[in-house]
Amino acid sequence: MNNIYYELQITTSSFKDEIENFLMERFFNGIEERGSTLILRSEEKLDELIEELKNYVKALEEIFSQKIDLDIKIEEKSNKDWIKTYQESIKPVEIEEFYIHPSWYEEVEGKVNILIDPALAFGSGHHETTRSSIKALKKYVKKGDTLLDVGCGSGILGIIASKLGAIVDACDTDPLAVKSTKDNFELNRTKYNEIWEGSAGNTDRIYDVVVANIIADVLVFIAPELKKRVNNILILSGIIDKYKDKVLKKYSDFDLIEEIKDNEWVTLIFKKGS
């Protein structure tokens, strides 16, 4: 462990949810919310992430013709106890029959225990999009189904699908997420079929279920390749409610069979038309 770490504080006048989701796709050490401020901590310098964030905010300003006041502060701090403090702030989550807990909590008898350390990658079960995706998997995944988890992050959705009896493939464009998924599958003594770095376009397989918990803009962008990969059920999450119509329009050739709302987030479940 290094002697110092970097604490990045980001405060924005608007589009906080979009900015948080953007950061979650690129930063895998956990994000703390303190009022209107997002706090990221890392032993590595965050200059590249800050530059990507500024470019993203600039794009939001152009798309919505609205000025966004972004306050960015970065401090170098002593690395003596922030990991312990962060761990103490993370509590287990129960969703359906699944008990999702970090390694510093004991398993619960009678539950399907899923071990995920939040510091490894986004997708610990605490975010609304992960919770609603899990509910969708529970309802629509059957034993023996083939499933592709696109943008797998920590691998939590693939692990739960595997626990439900699915044959799971997974992919992510971030190599750290791919490694995290592999590690978490092993940690949970769960099997996957194949995991690769890249997108759904890197395979020609067709799946009974495809799940993608990303962000609305990316779901719109990769719609053609997602639709090619699915034979039955398509689960799309990571969508802020105000962007729902944009996603619905892009997937209008599929039948919308359910929406799962959790605060301002929505998960859309589609069925491929005949």
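Reader: What share of the 274 residues in the protein chain is buried? After that, could you take me to the cysteines?

Author: Happy to! This is a predicted model, in which local features need pLDDT of at least 70 and side-chain atom pairs count only at pLDDT 80 or more, while totals for chains, interfaces and linings use all residues. Residues are numbered from 1 along each chain as its sequence is written, and side-chain values use heavy atoms, leaving out hydrogens and water.

Buried residues make up 52% of the 274 in the protein chain; buried means under 20% relative accessible area, exposed over 50%, and partly exposed in between, with a 1.4 Å probe and protein chains only.

Now to the cysteines. A disulfide is a covalent bond between the sulfur atoms of two cysteines. Here a disulfide is counted when a pair of cysteine sulfur atoms lies within 2.5 Å, and the structure holds zero of them. Cys152 is in no disulfide, as its nearest cysteine sulfur, that of Cys171, is 6.5 Å away. Seen from Cys171, the closest cysteine sulfur is in Cys152, and 6.5 Å is too far for a bond. Cys152 is buried, with a relative accessible area of 5%, and Cys171 is buried too, at 0%.

Around this pair, 63% of the protein chain's contacts with a separation of 6 or more join residues 24 or more positions apart, a contact being heavy atoms within 4.5 Å. The C-alpha atoms of the protein chain fill a box of roughly 55 × 50 × 30 Å along the principal axes.
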